[in-house]
Amino acid sequence: MDQSFLLMLSNLLHLHNSIDPTTSLISSPTSTSSPSSLLTSSSAAPLLFFTIASVLSYIASSRPSSSSSSPSSSPAAASDYSVSAFRALSTEHIWSLEAPLRDAQWRSLYGLSYPVFTTVVDKLKPHIALSNLSLPSDYAVAMVLSRLTHGFSAKSLAARYSLEPYLISKITNMVTRLLATKLYPEFIKIPVSRRRLIETTQAFDELTSLPNMCGAIDGSPIRLHKQNLSGNYKCRYGYNAVQLEVVADHKKIFWDVCVKAPGATDDAAHFRESLLYNRLTSGDIVWDKVINVRGHPVRPYIVGDWCYPLLSFLLTPFSPNGTGTPAQNLFDGMLMKGRSVVVEAIGLLKGRWKILQDLNVGLNHVPQTIVACCVLHNLCQIAREPEPEPWKDPEENGMPPRVLDSEKSFYYFGESLRQALADDLHQRLSSR
């Protein structure tokens with residue numbers, strides 16, 4: 001029987017006894033009272049009681065039981081419980097812990113420390129408020145971070161948070177879109193200011209002994225989870241993917257991110273489709289730091305492996321297998337040392353945000369999810385969060401790309417610049 005009906009019936013018993021104490025509806029072991037004697041009682045209370053009880057019995061029998069309630073009603077109640085549990089964790093419990101223990105617990109749940117989490121929430125909260133989401137902003141952000149850091153599918157996360165999978169997907173799409181659009185300009189920036197440019201080039205100089213290097217570029221396939229896709233999505237490793245291209249500085253912070261190509265696209269083609277390539281070739285990016293090396297004006301440049309084209313602003317190794325001159329081989333070793341920062345940065349990105357190891361979102365939301373993880377990666381690096389175990393991509397191999405007609409002037413200048421840097425490096429290090 002419905003528990004609420006039993007409760008009402010019990011209350012009515014107490015009410016009856018208070019109205020008519022001469023009559024008891026619950027007979028004692030020695031009592032011979034019958035229902036008829038109750039109905040013939042001089043008091044109106046028994047008749048009133050049975051009238052009300054009959055109405056309540058009818059209502060209780062016509063009301064659907066809790067076991068047959070609609071599925072849509074149960075997630076809401078469970079969601080209230082989950083919000084309450086999260087609120088207890090983020091308010092009462094969180095301040096009872098020492099900061100290192102608190103942050104370690106938060107990282108295990110959401111991939112970042114509590115202070116970084118609150119930074120993300122504070123920056124997203126005004127935008128989330130405009131969406132009329134029925135859930136609290138910090139709870140929604142925590143839910144999405146939990147999915148990104150552990151790689152949960154919408155279905156498995158729905159079971160954990162007792163919400164419908166479609167709602168999990170909707171909230172994930174909203175939060176990742178806001179991260180990829182509203183926070184991207186603040187946390188992913190090309191180093192054009194003189195102060196940041198000097199800091200970056202000096203750090204790379206200390207690492208590689210190569211002057212005016214300001215970043216390292218690389219691509220990485222982001223695996224797509226069980227998607228039957230036609231076209232060029234199958235990457236060189238045999239699974240469906242999209243291409244991620246990033247440029248990182250010496251702190252393993254991304255200052256450019258591009259997700260524009262399916263997995264079969266090679267690094268050079270993806271780079272040529274990027275906004276960064278268009279801005280560099282058009283002279284839209286002006287780096288105000290020019291040095292002279294053996295009569296060559298050297299502007300800030302980025303470095304990549306032999307899968308990228310050699311250009312005046314993108315230097316690549318002379319040879320992938322060490323068949324150059326001593327000066328060229330020395331240059332190649334130092335260049336690849338500088339390039340290692342972007343390899344490590346991608347490893348940290350995939351190690352911290354495990355959803356990128358097997359991306360389980362709809363194809364239309366793949367780019368924003370990847371970019372959102374890159375924004376979060378930068379937040380963690382800026383805050384000097386502990387670095388997780390990095391993900392290891394397979395070793396790259398491939399032929400150097402051909403030079404396009406539109407690139408020939410950049411190629412010839414890059415070729416002479418690379419040789420000048422190699423000769424200068426060899427001379428400086430040999431004289432030590």
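Leaving aside neighbours within four places in sequence, Leu429 is in contact (heavy atoms within 4.5 Å) with Ser209, Leu330 and Met334. The structure is a predicted model, in which local features need pLDDT of at least 70 and side-chain atom pairs count only at pLDDT 80 or more, whereas totals for chains, interfaces and linings use all residues. Residues are numbered from 1 along each chain as its sequence is written, and side-chain values use heavy atoms, with hydrogens and water left out.

Leu429 belongs to helix α16 (residues 408–430), where helices are DSSP runs of H or I with at least four residues and strands are runs of E with at least two, numbered from the N terminus. With a relative accessible area of 22%, Leu429 is partly exposed, a class that lies between buried (under 20%) and exposed (over 50%), as computed with a 1.4 Å probe and protein chains only. Its C-alpha atom is separated by 9.5 Å from that of Leu330, a residue 99 residues apart along the chain.

Helix α14 (residues 326–352) has 27 residues and should span 39 Å at 1.5 Å a residue, which agrees with the 39 Å between its end C-alpha atoms; the expected span is 1.5 Å times one less than the number of residues. At Arg339, α14 bends by about 30°, the bend being the angle between axes fitted to the seven residues ending there and the seven starting there.

Aromatic pairs were assigned to rings of Phe, Tyr and Trp (its six-membered ring) with centres within 6.5 Å, planes under 30 degrees apart counting as stacked, over 60 as edge-to-face and the rest as tilted. By this rule the count comes to 13 aromatic pairs. Tyr110 and Phe117 form a stacked pair, with 5.9 Å centre to centre and 25° between the planes; Tyr110 is buried at 6% relative accessibility, and Phe117 is buried at 3%. The rings of Phe271 and Tyr308 have centres 6.1 Å apart and planes at 80°, so this pair is edge-to-face. Because Phe271 lies in helix α12 (residues 267–273) and Tyr308 in the loop between β6 (301–303) and β7 (314–315), the pair ties together parts that are 37 residues apart in sequence. Phe271 is buried at 0% relative accessibility, and Tyr308 is buried at 2%. One aromatic cluster is formed by Trp106, Tyr110, Tyr114 and Phe117.

For the chain as a whole, 16 helices and seven strands are assigned, and buried residues make up 46% of the 432 residues.
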